[in-house]
Amino acid sequence: MSKFARDEACPCHPVSRRTFLADVGMGFTGLALGAMLQRDGIVRASSEPVWTPPTGQPHFSPRAKSVIWLFFSGGYSHLETFDPKPALTTYEGKTFAETPHPNPLESPLHDKRSRSVVPMKRDVFPTIYPMQVGFKKYGQAGVEVTDWWPHLAGCVDDIAFVRNMWTTDNDHAAENQMHTGRHRLDEVQPSLGAWVDYGLGSLNDNLPQYVVIPGAPRADNRPSIGAYYLGTKHTGVPLPLDPKNPLPYGLRAADMLAEEQANEFELIGKLNGLSAVEYPEDEALRARIRSYELAYRMQRAVPEAVNLAEETAETQQAYGLDKPETKMAGERCLAARRLVERGVRFVQVYPSVYGSWDSHTKLKENHTKLCAGVDQPVAALLKDLKQRGLWDDVVVVFCTEFGRTPGVQTTFSNGAKDGRDHHPHGFTIWFAGAGIKAGTVHGATDELGFHAIEPAHYVTDIHATVLHLLGLDGRRLEVPGRKRLEIDFGKPIAEILA
Amino acid sequence: MRIGSGLLLCALLGQRTLPAAEPVDYARQVKPLLTKRCYACHGALKSQAGLRLDTAASALKGGDGGPAVEPGQAAESLLIKAITGVDGVRQMPPPGEGERLSVEEVAIVRAWVDQGAAAPADEQPQPDPRTHWAFQRVERPAIPQVHDPAWVRNPIDAFVAAKHERQGLRPTTPAAKGALLRRVSLDLIGLPPTRDELHAFQSDMDEDAYERVVDRLLDSPQYGERWARHWMDVWRYSDWYGRRAVPDVWNSAPQVWRWRDWIVNSLNADKGYDRMVIEMLAADEIAPDDEEAAVATGYIIRNWYALNSHQWMKDMVEHTGKAFLGLTFNCAHCHDHKYDPITQEEYFRLRAVFEPIQVRQDRRPGEPDPGPFQKYEYTILRKVQPLGAVRIFDENFAAETFMYRMGDERDRFADKPPVTPGAPAFLGGDKLAISPVALPPTSYYPGLKPFIKESETAARQATLQAAKAELNNAQQSLVARLARLTEIETQQLAALQTAPAQGTQPPPVDPKLLDRQGSAQAALRPARHAVEVASAHLATEQALAVSLASRIAADIARYCGPVGDPETLARTASRAERMAALRVAEEKRLVAAYAAESARLTTAATPAGAAKDQAAAAQKSTDDQLIAAVQAVDASNQALVAEAATYTPLSPVYPATSTGRRKALAEWIARRDNPLTARVAVNHIWGRHFGKALVETVYDLGINGKRPSHPELLDWLAAELMEPTLVTPPPGAPPLSKGGQGGSGELVSDASSARDATPPNPPFLRGGEEGVLRGGEDAGSWRMKHLHRLIVTSNTYRQGSSAGVTSTGNLAADPDNRWLWRFTPRRVESEVLRDSLLFAAGQLDLKLGGQPFENTEELTSRRRSLYFSVYPEDGGHPKFLELFDAPDPCDCYKRSDSMIPQQALALTNSRLTLNFSRLLGQKLWDEAAALDTGDEARQTAFITGAFERILSRGPTAVEAAACREFLQRQADLFRAEAKDTATAAAAAQGAVAASNEPLIRAGESLIHVLFNHNDFVSIR
């Protein structure tokens, strides 16, 4: 899978292998040093049954090697995307109470699935807002998809939709909740990408294993890529796809010559090697020597990995790089494919501008434009993964932080009544690729698209599904002293697994 | 029917039991299951329903519901019914109390019962959690006798050597002098030694040379900064955050840095740890008038959260528990603690201690008034207020704390009354001595502080003087205009007199003169008005000055004792303030009247048409304003009639009584017999000296925490912190003993003061003839410098980091160095890395304290890294520091210590290292060039200088040769590439340009390499 030559010459190798034990022949990006050494047999297994960090091996046979996590920030409307509800048009302008359907506001689920950060109840909007777009059934599976997704509509037979998602934060900290499983008011937990990075070994030592394109979207969304108690090394590494700034500190200074730097790396290696002779038992020193070799290679590997110019014109066109409306999402999706191809474990992609799906007003205008921006690139990604034989290695997750209210939002001083508010009670996400039962629709919301019908899925079920596909058991990743709750682990969504 | 279906279910499940022939091993298969799933409620911690399951015997005996196990009859056994939830027995564990047993696990338990429920006869019940080691009073353990007393420099070594003996280990050789100096410097002040310090120490052959270094370091103000950062980790220091980009302050406060400075100062002053804890929790109650101490409550303010006060309370409970007591109270938020004897109610009792609090914002001398603390309102941004100081006070004396379910404050236990403040009963915290604290007036009413009265009075005087000057100016201006008019009229008169008469008509007046007269006349109107307004304004200012003086007088009478009659003075102040308000209103009326008249004149002068309509509209508006101004005067006059004694205070007035809850908690935490406080503190201190704490779970010394590696040492250190018995001589005093042990005896025990078990003449205390017995007069209780000194002067600390030749067996026996037979090298913290870089380059600014600076100043700032902003949002650390495990401001009881290639990239590619390499390179070349020797000698001097500054040691011959070769190679490269445009274009923004001289540039490159050396980023 790795395209990058592992044995590329590195100048920091002047000390003979026999001189010291440092060259263990393995990298450790994203792995605890101790685990790495244990993996390599340097540390004897202790006789006491003490806790040890993960070995980097899956707990059971994995279905997928890596993950492309497409996150659409702001909360897309489940109703106008993958969970259309004709009843909304039928009862346009009526309140929930005036329809023949059970009033969702009176359901006990209503309080359970909505918790404000500020201790006051968020306004509810009981007047039904009609569907803003038409829909049809597509594929052999006959999946209802709205008219805003002409390209993805052609992929439904490859996708498993989950229409009964719920979360609890009714504001945008739900974005962090989607990644950590915890409400803003609960203790922080590491993000899903960090758990994956922590649990699994590296597929390519020259690249970071958990990357975020183009980086944490906003300062307060840091928990979405954070590793918290797993340690900084498991934090998502931002890859802004900017040739001038491919990776933090990823480029040699402009006023430094390539050979000058190569000479420096060589001397660093030589001097550290001499120290290693004096301190043969210093594991950290040996690991540092190795990390300079990796760094030297990473400095070259990262820009190469995100160099989209290497792709054919045909591919670039397929992803929509040639059109202004699809260029951004296209580049991000294409870079994601290149990264998983090179062995990156977890690529977290924000295909749209941060928060842009948040459609309190002008939902139709907003979603028309945003869907057009991502529809073709995401569909191209799916086709490309299939075409390149990556389909059985990569799982794609398409998700957002919550859905949008079936009722019309009416709180604006300018009288605007053309959008939907945040809706943690029910929303839709989908999976595709490795280990996924293609052409599936799992779960549903009620007739009005309000509540995810039980048994429904809290966000950690997505995490459990992803970990399961990667061969990991979340419980076995638990760190002593860092108690996790039942709800943190979630359960894999068995119905969508192949 | 019900029983039948239950039996049927049992039968079905029974099919999945193990074959009856396969005997179940209770100890191996059953007991671990019961431990994991049942003990929390049916063990030593609690025996719910009178049932304990921690021994087979107790299971047989059963509880309120009868025996839990009927040997041989699983289907009849209550235990089996409970874990399967049949026969109407509630399934265990109940929801929210843990995972249920799987079918396979049930089968094991069932088979064990069916096979007769056999168990070892000597099975011991789970010990009472109250007997857990860390919950026992700290008693000073006896110092062990060891085989090699010569190695024992102080009691620490005795405890460590005892473990060595038990493990068959031998301590390694002592560290080389240079390495030791570098280690202790980085450790105590976070900076490497200077070259001069290195040379001085290496040539200092006195026995106490090292001790003098330690004293110098502990006396250095940089000690406070270095160790403040450690404690800031533990106490979760964070600058404000929430929405930094907006900005909108949701968490902590912009002024919280004063707490950081308080930590630095307290450590430098060697304030007792107990006192520090007390001040952080309750400075406002124990030293209400001490503004310097009050900022210590920044510890509490750091947890403030605008949007939801429950979150604030939650963080206070969790982190007060972890930081000071090493207890995981957070586990008892939703249910009773599963390991430690802390009930859910006790969780809420601890919360109740903090329930009344609020933040207040006080003015500081020399600064403008920041106004009151901005509370949160849903739609209003909270601005970044850098002025003033924030502190905690009890706002709501009667605040009630209600228990709720599962961590969701919306789900209150309706049937439970509010809980009273307290701490866990098992630590004696259920009877906190809480009594309300009457605060001095200057504390609850900061407006009484002299500096506020003085600066307000001075400000009033200044505006009064300005008003006088303004009136004077206005009057002079009017006089000047009158004079001008007189002058013009005189000219007209003169013209008339001189002009020839034309018949009966008066002689024509020069139109120019008429114009001038007209404008001079017109200029009189505003000038007269200006005098009127200035007079009124002066009256206002005089009234305001009287008002202020009267309010101050009334304040003094009211708050500061018998000076006049408070009631009369309050009435006077009240009236003076209303009088001032009247004057203000009158002044405004005057202005409004003038504006209205001006508008009327304009309207009259405007010809009919659109312009006139506009003018009329403007006139209407000024007329309305005049009416309002007249009404305001009337209202002020009305107000003056009333008899009142209220007046505006000079600052917010807070409640005069504090609940005393936090004071009681803090004093309870800091008590000598609180078993946890000192243990937690010394464990943190030890961990930061050695890279590994004695109890690895530094925030959990409870039952689920790790066991200490050296329990007696931990207890001895805790006892020594609280009740010091060893005394270090004052700096400069002659060594107290000279003996064969090479400088031991600096530490002298006062045997007579050792109240606890006095060890039989420990080896380091060699009788009265050499050791001077002195009481703990210069090492007061809870002083941390004493502990640092003991630790870093021990032989344990002075060991080398190499396994060495004498101790090859050690490595095999104890590769992790758990038993401290050598010094474990470790990477320096992110702050130490940057500070060392700047310091070695001679660029570090050692100014202490002040406002934090922004992380975007990463490249330009020369201050210590401690002073960068830190907060848990993106951008909350300088990017460089973040890669080296900069502290997570929400949770950093222990720093993580990662090793990733991005660190190597940061050290090689960052502008920071490159810039400082070049600065140092140029400086060292200048020094070397000053040597009047040949090129080769200069290069050698350069290399040696670089090694000594950066690595605190000279190069070995091999290293020096490699470096010389490197210098040549780089210099050749630069010569060949001299025309290279990339290098010529050099300077990116903020870049220090490389030297044009190839050899110097090669030297800069060598410095850059040494900053990447493992030993530069390590403490070894």
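Let's start with strand S11 of chain A, residues 427-433, which is mostly covered: seven of its seven residues are buried. Please keep in mind throughout that we are looking at a predicted model. So what does S11(A) pair with? On one hand there is strand S4 of chain A, residues 159-166, which runs antiparallel to S11(A) and is joined to it by five bridges.

Let me step back to chain A as a whole. The chain has 13 helices and 13 strands. It contains 498 residues, and 59% of them count as buried. Take the contacts in chain A between residues at least 6 apart in sequence: 78% of these join residues at least 24 apart.

How confident is the predictor here? The average pLDDT of chain A is 88, and 89% of the residues score at least 70. The stretch to watch is residues 1-49 of chain A, where pLDDT stays under 50. For that stretch the model still has 102 contacts beyond four places in sequence. A friendly reminder on that point: where pLDDT is low, the predicted coordinates should not be read in detail.

Now some backbone details, and I'll begin with the cis peptides. In chain A, the bond between Glu454(A) and Pro455(A) is cis, with omega at about -5 degrees. You will find Pro455(A) in the loop between strand S12 (440-442) and strand S13 (457-458) of chain A. In chain B, Val246(B) and Pro247(B) are joined by a cis peptide bond, with omega about -10 degrees. Pro247(B) sits in the loop between strand S1 (241-243) and strand S2 (248-251) of chain B.

Leu241(A) has phi near 60 degrees. This leucine lies in the loop between strand S6 (237-238) and helix H7 (258-278) of chain A. Is Leu241(A) buried or partly exposed? It has 18 C-beta neighbours inside 10 Å, so it counts as partly exposed. Asp885(B) also has a positive phi, about 60 degrees, although it is not a glycine. Its place is the loop between helix H30 (879-883) and helix H31 (901-909) of chain B. Asp885(B) counts as buried because 22 other C-beta atoms lie within 10 Å.

The contact takes 68 residues from chain B and 55 residues from chain A. Which elements of chain B give two or more residues to the side that touches chain A? They are helix H15 (309-325), H30, H31, helix H32 (911-930), helix H34 (957-976), helix H35 (981-984) and helix H36 (998-1011) of chain B. The largest share comes from H31(B), with eight residues. By class, this side of chain B has 28 nonpolar, 22 polar and 18 charged residues.

Let's stay with chain B and look at its domains. The assignment divides the chain into domain 1 (2-126), domain 2 (149-219 + 675-813), domain 3 (274-285 + 302-441 + 656-667), domain 4 (450-496 + 524-641) and domain 5 (909-1019). The C-alpha centres of domain 1 of chain B and domain 3 of chain B lie 42 Å apart. Their contact takes five residues from domain 1 of chain B and five residues from domain 3 of chain B. On the domain 1 side, that makes two nonpolar, one polar and two charged residues.

Met722(B) counts as buried because it has 23 C-beta neighbours inside 10 Å. Which residues does Met722(B) contact, leaving aside its neighbours within four places in sequence? The answer is Arg672(B), Ala678(B), Ser781(B) and Trp782(B). Leu198(B) is another matter: 524 residues from Met722(B) along the chain, with their C-alpha atoms separated by 35 Å.

Thanks, everyone.

How values were computed
Residues are numbered from 1 along each chain as its sequence is written. Chains are lettered from A and ligands numbered from 1 in the order in which they are written. This is a predicted model: local features need pLDDT of at least 70, side-chain atom pairs count only at pLDDT 80 or more; totals for chains, interfaces and linings use all residues. Domain bounds come from an automatic or database domain assignment. Two residues are in contact if their C-beta atoms, placed from the backbone, lie within 7 Å. Ala, Val, Leu, Ile, Met, Phe, Trp, Tyr, Cys and Pro count as nonpolar, Asp, Glu, Lys and Arg as charged, and the others, Gly among them, as polar. Helices (H or I, at least four residues) and strands (E, at least two) are DSSP runs, numbered from the N terminus. A residue is buried if 20 or more other C-beta atoms lie within 10 Å of its own, exposed if 12 or fewer, and partly exposed in between; C-beta atoms are placed from the backbone. pLDDT is the predictor's confidence in each residue, from 0 to 100. Two strands pair if DSSP finds at least two bridges between them.
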